[in-house]
Amino acid sequence: LTAMGEPSMDPAIPAADSTAQQDSLFSMMDVFLISLITGLFTYWFFFRKKKEEVPDLPKMQSVAAPVRDSSFIEKMKKTGRNIVVFYGSQTGTAEEFANRLSKDAHRYGLRGMAADPEEYDLSDLSRLSEIDKSLAVFCMATYGEGDPTDNAQDFYDWLQEADADLSGLRFAVFGLGNKTYEHFNAMGKYVDKRLEELGGQRIFELGLGDDDGNLEEDFITWREQFWPAVCEHFGVEATGEESSIRQYELVVHTDVNMSKVYTGEMGRLKSYENQKPPFDAKNPFLAQVTENRKLNEGGERHLMHLELDISNSKIRYESGDHVAVYPANDSSLVNQIGEILGTDLDTVMSLNNLDEESNKKHPFPCPTSYRTALTYYLDITNPPRTNVLYELAQYATDSGEQERLRRMASSAAEGKELYLSWVVEARRNILAILQDMPSLRPPIDHLCELLPRLQARYYSIASSSKVHPNSIHICAVTVEYETKTGRLNKGVATSWLKSKVPEQSGSSSLVPMYVRKSQFRLPFKPSTPVIMIGPGTGIAPFIGFIQERAWLKQQGKEVGETVLYYGCRHEHEDYLYREELARFQKEGVLTQLNVAFSRDQAEKVYVQHLLKKNKENVWKLVNEGMAHIYVCGDARNMARDVQNTFYEIVSEFGSMSQPQAVDYVKKLMTKGRYSLDVWS
């Protein structure tokens with residue numbers, strides 16, 4: 001009211017007004033009337049507000065009440081648990097390991113529960129000592145460049161700020177990482193270190209799993225030493241052999257309303273029919289494919305460019321972000337599993353958690369059909385982990401096959417060797433195992449309980465929202481290879497994307513997707529030079545970067561040098577976005593285009609060789625121009641080789657020793673001037 005009233009009183013402000021005294025009197029009367037009305041209104045307003053505030057008080061109390069539900073301590077006390085296993089999981093593996101550890105506990109007379117840190121108040125860790133023989137285990141995956149997973153972000157923030165006294169806390173940490181990445185197992189290492197700093201007691205050493213090697217074996221090795229340490233600490237003994245305990249019970253629905261049955265939705269029932277923003281991992285947007293074209297001119301591989309329409313979705317993205325897509329398994333694989341197990345895949349069922357107190361009521365959205373579960377919810381193409389083999393062994397009627405499965409699931413060296421060669425290296429998925437073990441015919445509901453969830457696949461966005469606000473572009477290569485057993489294995493997501501027909505009615509052109517924010521960002525100042533290194537499909541984010549720099553230039557902004565180092569196998573076969581890059585170079589947006597054709601000559605030439613060739617220019621841009629460096633693509637070889645090349649350039653032109661050069665590049669990373677978007 002005051003803000004609205006002030007302008008209306010402005011004309012009365014001038015004191016040296018030459019109007020008649022009568023006008024002045026009228027002005028005074030106006031002021032009096034306005035003041036009276038304002039006073040009465042103010043009295044009525046505040047009187048009315050007091051009356052309204054009375055029922056608000058119980059509302060505030062009811063909001064505060066559910067806080068106790070977020071206490072894992074109260075839940076553990078209520079259900080008689082003494083071990084809680086928290087997981088920071090992006091692709092489901094850490095969650096799977098946490099479930100296995102919580103199930104292990106019963107063998108030692110203990111009771112465990114797996115818990116998502118996002119669902120609980122982790123400051124309650126200081127109260128865990130209220131429970132006898134209590135222990136907190138953390139299975140923490142590291143995402144991207146040393147980041148916490150999405151569901152562990154709040155926990156990570158709390159750990160950084162916390163000054164809690166955790167002196168009564170007993171803990172152990174198993175980290176999940178990948179040695180090809182710069183910040184190997186950063187999250188696991190940080191949680192382990194920080195819990196000790198806050199007074200917690202580590203009862204077993206930090207485990208460091210390496211997904212570039214054999215993550216499953218790393219976990220089993222750590223786990224088989226972890227439990228004896230727990231037994232020794234609490235003075236307990238194993239109560240018997242590992243046994244198969246079902247976590248879910250099967251309910252078959254014979255008379256069900258089909259409108260209440262999940263058909264592939266990730267969260268809310270019918271969310272694909274009735275789309276509501278905001279869109280995220282639990283509520284993906286169904287984007288229409290408007291373009292799906294082959295990028296390469298020849299060769300055995302299929303490289304493709306797809307465009308997803310995000311009009312009316314309210315989805316916003318920046319150059320450098322990732323788009324996550326939820327794929328579907330090949331229907332022929334699903335049908336073959338159904339045939340082998342003699343199952344009617346259209347049976348509608350639910351798998352209900354036997355632990356009624358669990359937050360996770362079902363392993364995937366239920367009720368649904370076996371066909372939907374195997375198509376949209378379960379991973380049927382990756383080699384199954386050892387715990388799945390162990391649980392399935394009981395269903396093998398041939399003693400030799402049963403013994404073989406149990407051996408592969410054991411912690412014995414011979415068993416690990418057999419699992420590595422027969423399952424991992426041979427890339428045997430669950431269908432291949434069922435085909436190669438004729439006596440193994442498990443109930444399909446138990447198989448569905450054991451298989452991990454089918455995960456979203458992430459792609460670097462190959463467009464700029466400044467140029468394409470209603471469209472997200474993807475650049476991908478189809479994965480297809482022959483296994484040691486002679487089977488043809490295909491990548492789930494890329495084969496599925498390849499089959500998408502632009503703008504066709506029905507699901508054949510729809511892709512469930514959402515955007516994941518990234519730290520891979522262009523410099524704040526457009527005048528800052530950029531050096532982009534991205535061979536193969538690693539060029540994806542740089543197409544977006546160049547589009548954005550071109551747009552900035554059109555807006556009259558001063559745009560710094562834009563340098564690209566790109567690589568492919570053959571110039572006339574798989575040179576991606578050739579025409580677009582030539583156009584950007586002609587327009588003066590792309591100031592340097594350096595392309596390495598690795599197989600067009602006797603000696604292989606890669607992007608790092610071109611960096612060495614142009615080392616003086618590279619050093620000048622980095623040292624004098626304060627350029628930002630971006631690397632996208634293969635983490636195992638390319639990213640490491642490129643980084644080593646930068647060490648050499650810095651050492652030579654900066655007159656530094658090798659350790660000093662390494663430190664210089666690490667500082668560039670810390671300052672956000674050397675960014676990575678890599679995968680292995």
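Where is Pro367 found? Pro367 sits in the loop between S12 and strand S13 (368-369). The peptide bond that joins Cys366 and Pro367 is cis, with omega about 0°.

**Confidence**

The average pLDDT of the protein chain is 89, and 89% of the residues score at least 70. Residues 1-27 have a pLDDT below 50, and this stretch makes 1 contact in the model beyond near neighbours in sequence. Residues 43-68 also have a pLDDT below 50, with 2 contacts beyond near neighbours in sequence. Where pLDDT is low, the predicted coordinates should not be read in detail.

**Nonpolar cores**

In the largest nonpolar core there are 44 residues, and Phe364, Leu374 and Met408 have the most contacts inside it. At least two residues of this core come from each of several elements, including helix H8 (331-340), strand S12 (348-353), helix H9 (370-377) and helix H14 (444-450). Domain 2 (277-327 + 456-518) and domain 3 (328-455) each contribute at least three residues to this core. Apart from this core lies another, of 32 residues, among them Tyr181, Tyr565, Leu610 and Leu668. In soluble globular proteins, nonpolar side chains tend to be buried together.

Leaving aside residues up to four places away in sequence, Phe364 touches Met349, Leu351, Ala373, Tyr377, Leu378, Cys448 and Arg453.

Glu401, Leu405 and Met408 are buried in H11. Seen down the helix axis, the buried residues of H11 fall within an arc of 65°, so they line one face of the helix. Their cover includes H10, H12 and H13.

Helix H6 covers residues 186-197. At 1.5 Å a residue, its 12 residues should span 16 Å, and the end C-alpha atoms are 16 Å apart, which agrees. Met187, Gly188, Tyr190, Val191, Asp192, Arg194 and Leu195 are the buried residues of H6. Among the elements covering them are strand S3 (135-143), strand S4 (147-148), helix H5 (153-161), strand S5 (170-177) and strand S6 (201-202).

Asp192 lies in this helix. Its relative accessibility is 7%, so Asp192 counts as buried, the limit being under 20%. Not counting residues up to four places away in sequence, Asp192 touches Phe171, Val173, Arg202 and Leu206.

Asn185 is placed in the loop between S5 and H6. With a relative accessible area of 1%, Asn185 is buried. After the helix comes Gly199, whose phi is positive, near 105°.

**Backbone angles**

Most residues other than glycine have a negative phi, and most peptide bonds are trans. The table gathers some backbone features that depart from this pattern.

| Residue or bond | Feature | Value |
|---|---|---|
| Pro277 and Pro278 | cis peptide bond | omega about 0° |
| Cys366 and Pro367 | cis peptide bond | omega about 0° |
| Asn185 | positive phi | near 55° |
| Lys270 | positive phi | near 65° |

Pro278 has its place in the loop between strand S8 (248-252) and strand S9 (285-294). Lys270 is also placed in the loop between S8 and S9.

Notes. Residues numbered from 1 in each chain as written. Predicted model: local features only at pLDDT ≥ 70, side-chain atom pairs only at ≥ 80, totals over all residues. Heavy atoms only, no water. Core = buried A, V, L, I, M, F, W, Y, C linked by side-chain atoms within 4.5 Å. Buried < 20%, exposed > 50% of the residue type's maximum accessible area, 1.4 Å probe, protein only. Helix = DSSP H or I, 4+ residues; strand = E, 2+ residues; numbered from the N terminus. Domains from an automatic or database assignment. Contact = heavy atoms within 4.5 Å. Expected span 1.5 Å × (residues − 1). pLDDT = per-residue confidence, 0-100. Arc of directions from axis to C-beta.
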